[in-house]
Amino acid sequence: MLLGAYTSAIGAGLSCPDWPTCYGTWVPFLHSGIVASSSYSTLQIFAEWAHRGLAMTAGFIILGTTIGAWLAYPNNRLVTWSATGALVLLPTQVLLGGLTVTENLQPFVVTTHLGVATLILLCLLTTFLTGWLSSREKMQYEQVP
Ligand code: HEM
């Protein structure tokens, strides 16, 4: 989310003009001509490109979190369903990220992209807090002689 905000703040939202690739390639920095001929700076292109890459990494972590939630807390609905909520929202967020680019930073799309990011964060915070509280309760219960 922070890298997304930074990308937006330095005016780099369209520094990768296409999606899902960036200038028709997955790694624009491997083609020196692309960066040199772009009207955007290397930093701007890197911020947008890294935002996409980090989003993909976050996606795998959210998948792992959801699997872990179901394995470790199968009877705790708040833990399992909040993690599942984040996983279900993820494809929508990726699609909205793509539309942010293809629809030329339409205010409605950019705002919805921020809104869904906030919902994902809320889901994951719920997973973490309820899982942590439930583990703590279990440990206290086990310590009672
Ligand atoms: C886990 C997935 C993602 C999260 C949590 C996320 C989050 C965010 C956030 C919080 C912002 C800042 C919004 C603002 O300041 O108004 C942002 C901006 C942006 N995101 Fe994402 N994003 C994700 C995936 C993607 C993907 C896959 C793309 C693909 C192109 C993308 C493209 C963009 C663009 C272009 C901006 C800049 C918009 C602007 O210039 O105003 N995002 N993102």
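## Ground rules

Residues are numbered from 1 along each chain as its sequence is written, and because the model is predicted, local features need pLDDT of at least 70 and side-chain atom pairs count only at pLDDT 80 or more, while totals for chains, interfaces and linings use all residues. Side-chain values use heavy atoms, with hydrogens and water left out.

Let's begin with the iron atom of the ligand. His51 and His113 coordinate this iron through their NE2 atoms, at 2.0 Å. Donors here are N, O and S atoms within 2.8 Å of the metal (3.2 Å for Na, K and Ca), and since water is not among the atoms, sites may look incomplete. The iron has 6 donor atoms with angles of 88 to 180° among them, and the site is octahedral. For six donors, that label asks for opposite donors over 155 degrees apart and all others between 65 and 115. Ideal angles for six octahedral donors are 90 or 180 degrees.

Where do histidine 51 and histidine 113 sit? Histidine 51 is in helix α3 (residues 42-72) and histidine 113 is in helix α5 (residues 107-143), so the pair ties together parts that are 62 residues apart in sequence. Helices are DSSP runs (H or I, at least four residues), numbered from the N terminus. Histidine 113 is buried, at a relative accessible area of 17%. Buried means under 20% relative accessible area, exposed means over 50%, and partly exposed is in between (1.4 Å probe, protein chains only).

## Around the ligand

There are 21 residues around the ligand, and Ser8, His51, Arg52, Gln93 and His113 come nearest. To count as near, a residue needs one of its heavy atoms within 4 Å of the molecule. Serine 8 has a polar side-chain atom 3.1 Å from an oxygen atom of the ligand. In the side chain of histidine 51, an N or O atom is 2.8 Å from a nitrogen atom of the ligand, and for histidine 113 such a distance is 2.8 Å. A polar contact is a pair of N or O atoms within 3.5 Å; within protein, one must be able to donate a hydrogen and the other to accept it, and residues adjacent in sequence count only if both atoms are side-chain atoms.

Setting aside residues up to four places away in sequence, histidine 113 touches His51, Gln93, Leu96, Gly97 and Thr100. Contact means heavy atoms within 4.5 Å. Threonine 7, in helix α1 (residues 2-9), also touches His51, along with Ala12, Gly13, Ala47 and Glu48, not counting residues up to four places away. Threonine 7 is buried at 3% relative accessibility, and a polar atom of its side chain lies 3.5 Å from the backbone oxygen of alanine 47.

## The nonpolar core

Which residues make up the largest nonpolar core? The 8 members are Ile62, Ala86, Leu90, Leu96, Val109, Val116, Ile120 and Cys123. Such a core is a set of buried Ala, Val, Leu, Ile, Met, Phe, Trp, Tyr and Cys residues joined through side-chain atoms within 4.5 Å. Helices α4 (77-102) and α5 each supply at least two residues, and α5 gives the largest share, 4 residues.

Cysteine 123, one of the core residues, is in contact with Ser82, Gly85, Ala86 and Leu89, leaving aside neighbours within four places in sequence. Serine 82 is in helix α4 and is buried, at 9% relative accessibility. The side chain of serine 82 reaches the backbone oxygen of leucine 78 at 2.6 Å and makes a polar contact of 2.8 Å with the side chain of threonine 127.

## Loops worth a look

Tyrosine 73 is in the loop between α3 and α4. Tyrosine 73 and serine 134 are 61 residues apart in sequence, with 8.7 Å between their C-alpha atoms.

Elsewhere, tryptophan 19 and proline 20 are joined by a cis peptide bond, with omega about 10°; proline 20 is in the loop between α1 and α2 (32-37). In the loop between α4 and α5, asparagine 104 has a positive phi near 55° without being a glycine, and is exposed at 56% relative accessible area. Leucine 105, in the loop between α4 and α5, has a positive phi of about 60° although it is not a glycine, and is partly exposed at 35%.

Definitions and conventions: Tetrahedral: all angles 85-135°; square planar, octahedral: opposite > 155°, others 65-115°.
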